[in-house]
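Work through the two exercises below with the sequence and the model at hand, and compare each step with the solution.

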Amino acid sequence: MRPIDVTILDVVSEAPQIKTLWLDRDLDPYPGQYAMLWIRGLDEVPMSFSGPDSITVQSVGEASEALTSLGKGESIGLRGPLGRGFTILGERILIIGGGVGVAPLAFLGEQAAEAGREVTSLLGYRCCSDMIFLERFQRLGRTVVTTDDGSSGICGRVSAGLEALDIDEYDQIYLCGPEMMMWDVISKIREQAEKIQACINRYFKCAAGICGSCCLDPEGIRVCVEGPVIRADRLLESEFGRYRRGPTGGKGPCRG
Ligand SMILES: Cc1cc2nc3c(=O)[nH]c(=O)nc-3n(C[C@H](O)[C@H](O)[C@H](O)COP(=O)(O)OP(=O)(O)OC[C@H]3O[C@@H](n4cnc5c(N)ncnc54)[C@H](O)[C@@H]3O)c2cc1C
Ligand code: FES
C-alpha cells in the first residue's frame, strides 16, 4: 500500500508530551486499527487511531517528537487503516486503559455506546496532569480512575482499580496500555482471558506481514496483520509480558 498525503487540520495538546493531530479526512478505521505515519526524511512509525480522523501521539523519541512538533497545514504520508481492530461483542463492556493507550479505547467506547452497549471504563495514569480523554470516557458511563502517585482517584496501578469492579458482570473486556500493565491485568483475571481483547505493541517495520520484526513467539503471530488486537488467551503462552524485539531484531525487556 502506497502512502497517501494527509494534511493536519488542527493540533490539540492533551497533556505534557501528548498531542492529538486532526487529519483532513475520515479514513473510516475500526477502533484498534493503526496507521503507519511517514514523517518525510525521518521515519515511518505506527500510531493507533483515536477517532476516525485523529491520531494521538506521545513524544518519546525522534519520530514522535517530530510528529508532535507539526503544525496546522503541514502534511504527512499515511498508510492505513491497517491491522485488525477491536470487535464489539456483548451488552456490557469494560474498557481498561493506561497512559496514551486510552486513545484507541476512547474511540472504541464511543462506537460501542452508539451501538447501545453499556460502557464502564477503568483508566490508569501516572498522575493527574496525564489524565487524557477523561471527559470522553465519563460521557460514556461509569469511569474509575487510578493514578500511580494518588493525585486523583484510587492510588496505585490500574490493576488496583479491578477491586472496585465485579469483573464477572462484563461480557467483554478491552485492554490497551504499556505491556507490563496489560500483563498485570491479564495475569490477575486470567480465568477471563477468552473475553479480553488486548491491543498490543511490537516493533513494526514493514506493517505488511513480511519482515517478521513484530512476530510473537512461539506461535509467530504477526502483530502488524493478525493484530494489533489479539485475544488474551493467545497471549498467555507467548512472549508477551516477558520480552520483545527492538530495531535490530534483538530480544530485550518489555517496556512500561
Ligand atoms: C500498533 C501500534 C500502535 C501504536 N499507537 C500509538 C499511539 O496511538 N500513540 C503513541 O504515542 N504511540 C503509539 N505507538 C508507539 C509508537 O509507534 C512509538 O512510540 C514510536 O514509534 C516511537 O518512535 P520514536 O522515533 O519517537 O522513538 P524511538 O526513540 O525510536 O523509540 C522509543 C520506543 O518506541 C518504540 N518504537 C520505536 N519505533 C517503533 C516502531 N517502528 N514500531 C513500534 N514501536 C516503535 C520502541 O519501543 C522504542 O523503544 C504504537 C505502536 C504500535 C506498534
Ligand atoms: S512489521 Fe514486518 S511482519 Fe510485522
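**Exercise 1: a pocket and its lining**

The second largest pocket has a volume of about 170 Å³, a volume being the space filled by probe spheres set on grid points that are joined across faces, edges and corners. This is a predicted model, in which local features need pLDDT of at least 70 and side-chain atom pairs count only at pLDDT 80 or more, while totals for chains, interfaces and linings use all residues. Residues are numbered from 1 along each chain as its sequence is written.

Task: state which residues line the second largest pocket, and sort them by class.

Solution. On a 1 Å grid over the protein atoms alone, a pocket is an open set of points where a 1.4 Å probe fits, with protein on both sides within 12 Å along at least five of seven lines, and lining residues have an atom within 4 Å of a point. The lining consists of R84, G85, T87, Q197, E226, V229, I230, R231 and R234. By class, two are nonpolar, three polar and four charged, with Gly counted as polar. Strand β15 (residues 229-231) gives the largest share, three residues; strands are DSSP runs (E, at least two residues) numbered from the N terminus.

Methods
Chains lettered and ligands numbered in written order. Heavy atoms only, no water. Helix = DSSP H or I, 4+ residues; strand = E, 2+ residues; numbered from the N terminus.
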